[in-house]
Amino acid sequence: MTGVYAALPLWVVMTSLVAALAIFALGESRRHARVAVNLAAAVLKVVLVAILLVGVYLGHDFGFRVTLLPGIDFVLHADSLTILLSTLSALLWLVTTIYAIGYLEGSPHRCRFFGFFSLCVAATMGVAAAGNLFTFFLFYELLTLATWPLVVHRGSAEALRAGALYLRYTLGGGAVLLIGIVALHTFTGTTAFRAGGSIPPESASIAVLTIVFLLLFVGMAVKAAVVPLHAWLPQAMVAPAPVSALLHAVAVVKAGAFGIVRLVQDVFGHDLTAHLGMDHVVAVTAGITIVYGSMRALAADDLKQRLAWSTVSQVSYIGLGIGIGGPLALIGGLVHLVHQGLMKITLFFCAGNLAETHGIKKVSQMDGAGRRMPWTMTAFSLGALGMIGLPPLAGFITKWYLGTGGIETGQYWVVGVLIASTLLNAAYFLPILARAWINEAPADATVGEAPAMLLWPAIITALFAGGAGFLAGMPWSPLYWVEFIAELYL
Amino acid sequence: MSANLLPALLFLLVPLLPVALVPLLHRSPRALAAAPWIPPTALLLLPFHGTVVEYPWLLLGTRVGIDNAGFALVLLAVIVWTAAGWYARRSLPANGQPRFFIFWLAAWCGNLCVFITQDAASFYAAYAMMTFAAWGLVVHRREAADYRAGRIYLVMALIGEALILAGLFLVAAQIGNATLGPRGHDLAAIDHAGLVAALFAAGFGVKMAVIGLHLWLPATYERAPTAATAVLAGVMLKAGLAGWLRFLPLGSDGFAILGGVLVAAGLVMGFYAAVVGICQARPKLVIAYSSPSQMLFVTVPIGLALLYPGAAGPLALLAVGFAVHHGLAKAALFLGIDLAHDRPLLGRALLWIPALSLAGLPLTSGALAKISFKAHLPATASWLDPLLLASSVATTLLVLRFLSLVPWHGTTRRGTPAAHWLLLLVASLGLPWLLYGLNEPFALLRPFFPGYLAETLGPIVLGIGLALLARRYPVVRLLPAIPPGDLLALVYRLQRPRLPTMPPAPALPVGAGWIATTERHLDLLTAALALWLGMLLVLFLL
């Protein structure tokens, strides 16, 4: 029994994996069975992750280990960091599944879609629970491959082109990552994740360690869309809305950002990273990405494209917090992993609702959208204002901790980056809100809210995003959990 | 526990009530009718004067309570917001009202919370909510000029927010979410305290229309619907004062330079804005300029409180007292412009009272505030006396100019409500006496002192004399035509800059230019990796 309980991370991964296989087996026509499997797996996963969460909080050990080759183990474990990503993706997967069922109502290839959709979540869970870089890599690559069919789901020439670009980038990044992992294993003999770092600092020369770090970082940075490795992300927004939502909020970019966290905190450890001078590399590239992404978002008229550029910018808050170091910045970076996910998934749900219900795809078509879809636009506004970092929403909590963290460690430029990013975020989100709420709708505009299955997911995630900021001081809020994580590293 | 339960509930529910009403406004006429009655609910909080309630689970640990300054400011806010809300219900076109009251209630929620929150993060949250919600009030009529005013308002507000945020980060990096108010953290004892104080002084100075940071004010006041202007000028301006009171190290040594700068800025603005205001041709603009001019009596006491830390307590309360007087009188004036048009008789009979109250007419709240301030001037600052008198003369001229421009020739429209206005007038006449009396009973006796009449009536008589002379020898025609927006207009004329437009012109062209070219090349991963390595190399070399 204890063995079954301790192997909980494995069951969490298997839930989605089995669901994926079941969905492929059920085929296209058996719609009700597919919906049942989908929802049952999603609910089961939330329950399992909840058990895992309580267990980790109580200090229980979770682990599952299989030796594949001498010296190379397949390890799943659960620490507080695992919980951060797996809770987020379990919750959002449930919400997104409901949304996707409503969104794809009556369209072809749903079996393929939901199968890969589940596979994608299984991979994300694996990324969260991986106990060493090798296991991490397996799921990281699985994620790449499972996401591609989703990106090109529509099958249009544009989608195929975006998909090809996506594959070139992520597989290329994966190859670089693999070289880094092999090199790390060769030189230091370990790739395990341990709080504070697992590799002995004297195991290799500084130059070697630096090169290995850079290889690993580049491998992660491709998925995290760090400039200039970001080009695939804005193009991948041709995917259907639920895919974009998941891609931007929990799956692909988060896997990259999560990898950077693991790399700095659990493989090298922040002390060794700082000794190599790599913490500045992480922080400065993140800072550049934040500003550049926001500036590109300004110019995008396509709503989803603007949101995609915003993701490029916002995900790098995580890297910024990790790179700055220090307890406050670490909290700020990690908590944004959750906050950005909640806010961005809300925004993409709403963008999907606008496009599906009224065919609104461009910012310039959004006049009067607030009158046409009040609830959708309320959720959108909550997400957008949160992204700007307006208190009391979630983005403000992030900025508070990042800004104070930057000052705490004497890196005042961080405040400049944050303020620039706030102004730029305001400049590309506020005009949307002004159009939606102040301007009159065109005379021939249709009025009507999205169907319940599309509307409620957006409202629920918007409430989560609002609550994460407004109730940040509450026990079990994201901030509370991240402070719990930070204890581990300080 | 039960003794604390009631305030804990009330301090949570009263600010949340307006937010709860927002989603109903578009669908239920009853909710819309209830909207102006929301501000009076804040009166429920006043009995808990002195109580502090903590909500550790809210935001970063919220602390709310009503201290002395908060008591006066909440009272001011309730009266002005209620009166202006009634007026908005009666005067605005019905189809735009739900939209107006959405922003109205959000701004009210933020405004109330600014006056009652006592920790840094929640204060900032409330402040930002108020500032941004007020934008919706400014652009309510949705004409091009409204959007222009709204744009200027937003740009200046964002500059202020950025300054405040930088200050907050500096504080929070050292002591976390600072506790403010009487028993709060000592913001004078932290590192970089001088820089922090300067950031807060300038950041909240945007709201207080400190000279140079006032560019948003004239356009905003002119374009906003009158009801919104009344709350903007009457109450929201004072949120800047609340920020100063909470965040400036009043009562600590070592901030004399900042204090001196504030005193100087207050004095310069007092006269500059009066002159520019007199040169305006529309009554709403004239009275708009009187706000930054009158803020002399708020900015100077705060500056003096930094210069003379020993006298900081009374000086801060004097600034609050003046804020209450000014808020009530100013709201009465803005709402009075329309009243004078629709009810000329009533207007002619009464509008001069709040106008001359600003100038310090004997027995009005203006005289009370000004005389009390003079009585508390530190001895070494008595050189300010003649300047304060001169400013009263300038104010007299300004309000006379206002009264001469008010459109008196409208026809009486029966049924035009005046109750809101009379409420404001009565409050403006009575409330400051009550507050000053509670604080310092001696203040009530000052009118019986010899010299009171000369001191208060003198500047007004001088002002009226000057105005009559100006009429006799019409220098009015010689007045330079200073366009509304003074410095901003000058900047426009000098170089015709383009303020960042919203929605912004594409800063980076998508189809052309080197960035697009680079993006295209980035389709090749190899190019991206090469660029990446190049960037790393540059980073290393740095």
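Arg262(A) is buried, at 1% relative accessible area, where buried means under 20%, exposed over 50% and partly exposed in between (1.4 Å probe, protein chains only). Asp266(A) is likewise buried, with a relative accessible area of 1%. The two form a salt bridge with the closest N and O atoms 2.6 Å apart; the term stands for a side-chain nitrogen of Lys or Arg within 4 Å of a carboxyl oxygen of Asp or Glu. Both residues lie in helix α11 (residues 252–276) of chain A, four residues apart, about one turn of the helix. Helices here are DSSP runs (H or I, at least four residues), as are strands (E, at least two), numbered from the N terminus.

The model is predicted, with pLDDT of at least 70 needed for local features and 80 or more for side-chain atom pairs, while totals for chains, interfaces and linings use all residues. Residues are numbered from 1 along each chain as its sequence is written, chains are lettered from A and ligands numbered from 1 in the order in which they are written, and side-chain values use heavy atoms, without hydrogens and water.

In chain B, the side chains of Lys374(B) and Glu455(B) meet at 3.8 Å, N to O. Lys374(B) is in helix α16 (residues 365–376) and Glu455(B) in helix α19 (residues 452–472) of chain B, so the pair ties together parts 81 residues apart in sequence. Lys374(B) counts as buried at 16% relative accessibility, whereas Glu455(B) is partly exposed at 35%. Back in chain A, salt bridges with shared partners join Asp79(A), Arg262(A) and Asp266(A) into one network. Over all chains, the search finds 13 salt bridges.

Chain B contains 22 helices and two strands, and 59% of its 542 residues are buried.

At the interface, 54 residues of chain B are in contact (heavy atoms within 4.5 Å) with 66 residues of chain A. The size of an interface is often given as the accessible area lost when the parts come together. Between chain B and chain A the buried area, which is the accessible area (1.4 Å probe) that two parts lose on being put together, summed over both, is about 4900 Å², with 79% from carbon and sulfur atoms. The rule finds one salt bridge across this interface: Arg142(B) pairs with Glu440(A), their closest N and O atoms 2.3 Å apart. On the side of chain B that touches chain A, α6(B) gives the largest share, 10 residues.
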